[in-house]
Amino acid sequence: MSNYKDEVHLKVQEKIYPPEDIVKRAWIKDYDEVYKRSIEDREGFWAEVAEELHWFRKWDKVLEWNFPYAKWFVGGKTNITYNALDRHIKNGKGDKIAYIYVDEDGNEEKVTYSELLEKVNALANGLKRLGLKKGDRVSIYMPNSIEAVVSMLACARIGVIHSVVFAGFSEGALHMRIDDAKASAVITATYTKRRGRKIPLLPTVEKAIKDLDYIKNVIVWDRDKEGVTDKDDKYVDLNRLIEENKGECSPEEMDSEDPLFILYTSGTTGKPKGVLHTTGGYMVNTYYTAKIVFDLHEDDIYWCTADIGWITGHSYIVYAPLTNGVTSVIMEGVPVYPHPGIWWEYVDKYRVNIFYTAPTAIRMLMRFGDEIPAKYDLSSLRILGSVGEPINPEAWHWYYEHIGRKRCVIVDTWWQTETGSHMITTIPSYPMKPGKAGKPFFTIEAAVVDKNGNELPPNTVGYLVIKNPWPSMLRTCWGNPERYEKYWKEIDNVYNADDLASIDEDGYIMIVGRADDVLSVAGHRIGTMEVESAIVEHPDVVEAAVIGKPDPIKGQKIKAFVVLKVGVEPSDQLKKEIQNTVREILGPIAIPEEIDFVDKLPKTRSGKIMRRVLRAQELGLEVGDLSTLED
Ligand code: 6R9
């Protein structure tokens, strides 16, 4: 793996100590002691955590590990919405604000725990009335909003499996995800707001489901009351459905292993995989990681800037903040509109204590200068989180100094759609190392190994693997168990995260990046194959290969190498058309910024495109072993 060695990053050794007051209030003060105990008795550890939540029936067994299939809290019955809502209301916290929704124009809407439950119950009743039942799938294509949260929770209330699709995806990506899950209904909105514009969503849904006759209903949040659902019985008005079905909806007693949701994520080959998460383990693991890593306490105001369309939104905008009973900010819009201080303005206004974002956003905001955050009172902040990609030390220090004002801790949380919750992360009570994610969370045994599973010496880059099952691990890939088994069978019967990493002498893990052909553009996981397939949809294109190029803000940007049909002349116009094709099929995040027209692509003898050759040429790196190259 020598071509990944980077002497500079191995020298990152700086240690920064957390402020005393933060350590003093932290739930866990002695990481080493608790970690040791958690490894000695993994099941006992998680059982103790699970006791903090409500179960209609207690589990018989904490873990059943039938490699590579795990069942957690076997025999237990619960409902995640009961723990997210009813439990707090029963404890007298019904009037507490659950979400403060804000948009780019300063519009604000607050919802209490009681009000949220009322809406969730009503929509759940409505979904039932439309004929939806436990085990059915519903796709959700919604703006980042309270309505989206209500939609997800209404599904979970009655055991309907939700499949949220990021509202930045276009019709092709949406069609694939709806069709793979065979959703019976779609919940959407007329539009989402972005940079002061209304981006239509409903027309995209209509195109995506054109030939899908198993879709019984499209439920629409008609934001401007345009009457868009009047045209056809298939269309149902979301707010009317809520209005007309008010009343109690008792939570479905879900088996601990009943599916909660599917979320599609990009892989190396073929189409995205539907990662399946189940009820009990996901609930316990997300609840507890948020509590410890963000050190959540009763009166905290918490803001995760992700979108509900990604796993970070599922776990740390929706489920974990609610099971912890805190108040969350949820924002619809981008970080730079109407001005690049909008996030800090809201941190100041709502007295946010915990702020969780991605390095790509930090790098983007850094560019606007230190004077922007300096205008605001950010003294309420205590914990700053980072997720999605490695945070480079420069961005780390800016976040620490200009946002945290050297009084906060930064928790760099490494995890994946597949892991469901934080796996390797700093926690607030031990020293931070800028550029390193931190140590394994409790009960997690992580290692850095070679392809055969041999552990590598400290500070050597290799594959990051997890050696044990954990409660919120994915249970399978929807309709594709072979793909699931691959995670555990590729490297010596341990979970292969497909990330490259190194571990230092103190046990801190540094993530280097993806090992497979997955791109990370502004923290979004995009498969090279997905983009290539979209490019080839253009009638003049024969073949395409896509690589990621380092980008100071987005982490990576996409470059495409395109082979045209014989007789077609390359032109700037054609580049634009190809970009538009990708935009239409996948959405703006997947557009190749650079396009080179080439005569042919480097391939292996078995016909696989050797993207690493293109990458090496493009970036001036060593090409490495070429023995499998075709010619
Ligand atoms: C939560 C999420 C997962 C991939 C993962 C890795 C990268 C996530 C990171 C990080 C370095 C961190 N990643 N967190 N890399 N440091 N703190 O992002 O899930 O969209 O599935 O992406 O993101 O490469 O394998 P997902």
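This report describes the ligand site and the aromatic contacts of a predicted model.

Residues are numbered from 1 along each chain as its sequence is written. Local features need pLDDT of at least 70, side-chain atom pairs count only at pLDDT 80 or more, totals for chains, interfaces and linings use all residues, and side-chain values use heavy atoms, with hydrogens and water left out.

**Ligand site**

Around the ligand there are 16 residues, of which Asp412, Thr413, Thr417, Arg514 and Arg525 come nearest; a residue is near if one of its heavy atoms lies within 4 Å.

| Residue | Residue atom | Ligand atom | Distance |
|---|---|---|---|
| Thr417 | polar side-chain atom | oxygen | 2.5 Å |
| Arg525 | polar side-chain atom | oxygen | 2.7 Å |
| Pro390 | backbone N or O atom | nitrogen | 3.5 Å |

On its own the ligand has 540 Å² of accessible area, and the protein covers 94% of that area (Shrake-Rupley method, 1.4 Å probe). The strand β20 (409–414) supplies at least two residues of the shell, and its three residues are the largest share; strands are DSSP runs of E with at least two residues.

**Aromatic contacts**

The whole structure holds 41 aromatic pairs, counted when the centres of Phe, Tyr or Trp rings (for Trp, the six-membered ring) lie within 6.5 Å. Phe45 and Trp46 form an edge-to-face pair, because their planes stand at 90° with the ring centres 5.6 Å apart; planes under 30 degrees apart count as stacked, over 60 as edge-to-face and the rest as tilted. Both Phe45 and Trp46 are buried, meaning under 20% relative accessible area with a 1.4 Å probe and protein chains only.

Definitions and conventions:
A polar contact is a pair of N or O atoms within 3.5 Å; within protein, one must be able to donate a hydrogen and the other to accept it, and residues adjacent in sequence count only if both atoms are side-chain atoms. Helices (H or I, at least four residues) and strands (E, at least two) are DSSP runs, numbered from the N terminus. Buried means under 20% relative accessible area, exposed over 50%, partly exposed in between (1.4 Å probe, protein chains only).
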